[in-house]
Amino acid sequence: MDTAFNPPLRLKLRTARALSLLVLVAMPAGYLGGAIWPERLDWAWPVFAMMRLIGLFAAVFLFVDIRNQRANAPDAMLDERERAERDSAFRASHYGIVGALFLAFLYTIPAQRLGWWLPDGEGAIDLLSAFGIISLGLPGIILAWRERPDVD
Amino acid sequence: MVNDNQSSGLHNRLALFRVERGLSRAALAELVAVNPQTIGFLERGHYGPSLELGLKLAAVFGVPVETLFSLTPFAPLASQLAPQPAGDA
């Protein structure tokens with residue numbers, strides 16, 4: 001194991017978890033809200049834009065945090081426990097991403113027939129952007145929530 | 001044998017041996033080439049090591065691996081050290 005693992009940022013566990021909640025809640029809410037009510041609700045647009053920005057900034061911090069760096073580190077830089085945790089986090093991410101895609105696909109079937117809301121082109125790009133950003137950070141987020149404080 | 005950050009079914013005397021040898025977690029971790037956090041996970045029983053890591057740890061302390069790890073709980077040290085009643089001898 002190469003112990004020279006030097007990530008750019010080591011957030012406290014509580015901070016990383018708080019930021020992950022912002023990514024998982026504020027970002028989807030901001031992008032989904034913006035896609036559902038693009039310009040119909042003038043008062044809501046700044047709120048959705050602010051939620052997107054907060055989610056994006058939180059995601060940037062999480063991307064450079066040690067947990068996300070560990071999630072994407074090569075095998076040689078991790079010990080066997082860390083490799084097992086990383087692999088498990090990627091498996092859980094895979095289930096989450098595929099599950100969300102499948103649910104979205106299931107929604108489109110009645111939505112087309114019954115005239116429920118469906119995103120326009122711009123809305124679809126927004127939603128895919130949020131989905132992509134969250135998917136990228138998900139393994140690190142899972143590692144943060146599975147991490148246990150190291151107490152002697 | 002490797003558990004994904006779950007509670008391990010293995011019991012161990014790692015903390016006892018480490019403290020007895022005067023080793024810190026970081027020092028022991030360096031000897032077996034793992035992250036010091038992993039030693040903490042092992043000692044708390046939150047992670048079951050691979051056979052390779054178990055053998056490495058046993059080699060560090062110079063004991064058979066079954067002295068360090070067991071599938072059944074180890075008897076408390078106090079009960080092992082307590083003098084036995086004369087009738088039991």
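Author: Gladly! Let me begin with pLDDT, which is the predictor's confidence in each residue, from 0 to 100. For chain A its mean is 89, and 92% of the residues reach 70 or more. This is a predicted model, in which local features need pLDDT of at least 70, side-chain atom pairs count only at pLDDT 80 or more, and totals for chains, interfaces and linings use all residues. Residues are numbered from 1 along each chain as its sequence is written, while chains are lettered from A and ligands numbered from 1 in the order in which they are written.

Now to chain B, which has six helices and two strands; helices (H or I, at least four residues) and strands (E, at least two) are DSSP runs, numbered from the N terminus. Along the sequence their pattern is β-α-α-α-α-α-β-α.

Your helix, H3 (residues 36–43) of chain B, belongs to the contact between the chains. Two residues are in contact if their C-beta atoms, placed from the backbone, lie within 7 Å. Chain B brings 14 residues to this contact and chain A eleven. H3(B) supplies four residues, the largest share of the side of chain B that touches chain A. That side holds six nonpolar residues, seven polar and one charged. Here Ala, Val, Leu, Ile, Met, Phe, Trp, Tyr, Cys and Pro count as nonpolar, Asp, Glu, Lys and Arg as charged, and the others, Gly among them, as polar.

Which residues of H3(B) are buried? They are Thr38(B), Ile39(B), Gly40(B), Phe41(B) and Leu42(B). A residue is buried if 20 or more other C-beta atoms lie within 10 Å of its own, exposed if 12 or fewer, and partly exposed in between, with C-beta atoms placed from the backbone. Of the 89 residues in chain B, 26% are buried. The cover over the buried residues of H3(B) includes helix H4 (80–114) of chain A, and from chain B strand S1 (11–12), helix H1 (14–20) and helix H2 (25–32). Among the elements of chain A, H4(A) has the highest mean pLDDT, 95. Just after H3(B), Gly45(B) has a positive phi of about 75°.

One of the covering elements, H2(B), also meets helix H4 (residues 51–61) of chain B. Leu28(B), Leu31(B) and Val32(B) of H2(B) are in contact there with Leu53(B), Lys56(B), Leu57(B) and Val60(B) of H4(B), and these residues divide into six nonpolar, no polar and one charged.
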